[in-house]
Amino acid sequence: MTVEPTAQGLPQDAMARLEELRPDKAGHIFTSDLSVNEFLLVKQAGFTPLGLVLGTSVYHCGFQLGRWSKNQELDVLSQAMYHARELAMSRMQAEADVLGADGIVGVRLEVEFKEWGSDAAEFLAVGTAVKADDGRSWRNDQGHPFTSDLSGQDFWTLLQAGYAPLGMVMGVCVYHVAHRTFGNILSNLGQNTELPQFTQALYDARELAMARMQKEAEALSAEGIVGVQLDQRNHSWGSHTTEFFAIGTAVRPIRADHEIARPQLVLGLDR
Amino acid sequence: MTVDPAGRAWTPEQIAEGSAAEIAAGRLPLRAQWRIAEQRARRDRGEPGSFTSDLTVQEFAAIRAVGFSPVGQVLGSAVYNVGWSYTGCGYAYGGLGGFAGGWSAAPVVPVPATQQLLNEARHRAVQRMRQECAGLGGDGVVGVRLAMRPYYGNGLEFIAIGTAVRADGDRHPKRPFTSDLTGQDFAKLIRSGWVPVALVQGVGAVIRHDDWRTQSQQRSWYNNEIAGTTQLVHAARDQARVSLAADGRRYGGHTVLLQTMDLQVRGQSCANVREGEDHVATAFLWGTAVVPFRTRASLDAPPLMMMRL
């Protein structure tokens, strides 16, 4: 930085503002779930945070038995995980709609098993609703505010590169991995060998989750998906039943040029 | 025997007694007063080693770079007794059913006593920290770490620790600001034309009886939402959000940057219905209220894209 802001009275200006604060003044106050970096970058990108939006659903997962020796998707549980997240997300979006937001950034989707029994979990979607300062509409082609699980930093970078987020897309697959038969265990005893049954199960489950996520992106007529996270969690189902969860942000181009500024190399002195 | 800065000698018992009286009168305990007075006097005399801080070197550098300097570490604490704050779940034995509580739907009931207690305890701790800051001649506190921990029996301690800072130049606010931002975040905010105002808190506490519908939804063989519990959790969070906005407005804030979001849920046996159960949800939101300010200083530095090595 060439000009030294302290020499121009930056701290005094800040303190003067505090001096003239009028507490208890009527008016709206915005809440955001953003860190300082994210807040400043979202502002810099031309958006104003409108408020914290959230949606929640406490959901009871039904019952389904996986056959002991069969690889199979547990579609009842898949549906439960899907439906509960959809409920939470749509409630969050409804809140953003009421605020007149163009979109929601920094969305977090959380699942927490709490005090109310082992089959029930709280599904929570939280994010910060934002509105564009230029007055253009940034909503997706279904007229809903866009959603994105990108951090404020990634959001800024995405816009710089000429892309806009359309919506969060996800795919879920709860899969029961077969137990090995006794004969199988015996025949492989002491050998380094692939277990094709297990490979197939995990492969299949991930492919299903990713294919579903892709379908959602196609429905939004997206050009692609960025920032995909592929997670697996056992929740409370034991080691052979696993949820495979794929989530990312579907994006569309806003400009023809996709030029990212040349990054500067930095040697960090911090650890 | 301890000798205070004014030269008077105190026995430990006298200090304990005197401190309790000072706290009751809304002032800081004696040892805190002396520490602050001594540190202040040393700074005024321009002696070296006159400030303490728990800032990292980077935080220190960042704060100095925007024209603030640390004046000392400050602390505020308040221990509260969590008394009999019971509010019934508002559910009466309704109707003819043989179930505990009959067939009617249970309402979500706020627990104002809990909400008030948590707000008050927290504000006291922060206010004491601010008093220490004012005593040191600071303009605000950065890097505040807040903790709430159970203390012996029914006690609950709120504690706030941070570093008081002072702005270069001759403008100083009447009331010190507080913020849980790190030194780096503070510096970034100031450089971008925003200044922290105060720590703000939102608390929501609600209770709801597990009515027959909730119970049957919990035991179902099928996928379904537990509607009543969703309502409970949402009400707690929503109340916290409303109280956060009210808190922010009280300090004249413009935007709140959230730091912590927490929800605690516990079950307890119901006092209204025999063998019934209630669930209590408590939601917390902690953050810092900030306001933009006008300045002649040049702030228009666009972010640099960097690739770390």
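Into which domains is chain B divided? Domain 1 covers 10-50, and domain 2 covers 51-292. Before going on, note that this is a predicted model.

Let's stay with those two domains. The C-alpha centres of domain 1 and domain 2 of chain B are 29 Å apart. They do touch: domain 1 of chain B puts 7 residues into the contact, and domain 2 of chain B puts in 9. On the domain 1 side, that makes 3 nonpolar, 2 polar and 2 charged residues.

Now the chain contact. How many residues of chain B are in contact with chain A? The count is 71, and they meet 64 residues of chain A. Several elements of chain B each supply at least two residues to that side, among them α5 (183-191), β8 (194-209), α7 (227-250) and β10 (255-269). Which one gives the largest share? That is α7(B), with 11 residues. By type, the chain B side has 33 nonpolar, 22 polar and 16 charged residues.

Look for Leu265(A): facing it is Met307(B), in β12(B).

Back to α7(B). Is this helix largely enclosed or largely open? Of its 24 residues, 17 are buried, so α7(B) is largely enclosed by the rest of the structure. At 1.5 Å a residue, α7(B) should span 34 Å, and its end C-alpha atoms are 34 Å apart, which agrees. After α7(B) comes Gly252(B), with a positive phi near 75°.

Last topic, the core. The largest nonpolar core has 144 residues. Which residues have the most contacts inside it? They are Tyr59(A), Val206(B) and Ala236(B). The largest share of this core comes from β8(B), with 10 residues. Domain 1 (10-50) and domain 2 (51-292) of chain B both give residues to the core, so it lies between them. As background, nonpolar side chains tend to be buried together in soluble globular proteins.

Finally, zoom in on Val206(B). Set aside its neighbours within four places in sequence. Val206(B) is then in contact with residues including Val108(B), Val109(B), Pro110(B) and Val111(B). Its contacts also include Leu232(B), Ala235(B), Ala236(B) and Gln239(B). Ala281(B) is another one of them.

Technical notes: Residues numbered from 1 in each chain as written. Chains lettered and ligands numbered in written order. Predicted model: local features only at pLDDT ≥ 70, side-chain atom pairs only at ≥ 80, totals over all residues. Contact = placed C-beta atoms within 7 Å. Helix = DSSP H or I, 4+ residues; strand = E, 2+ residues; numbered from the N terminus. Nonpolar A, V, L, I, M, F, W, Y, C, P; charged D, E, K, R; others polar. Pairing = 2+ DSSP bridges. Expected span 1.5 Å × (residues − 1). Buried ≥ 20, exposed ≤ 12 C-beta atoms within 10 Å, placed from the backbone. Domains from an automatic or database assignment. Core = buried A, V, L, I, M, F, W, Y, C linked by C-beta atoms within 7 Å.
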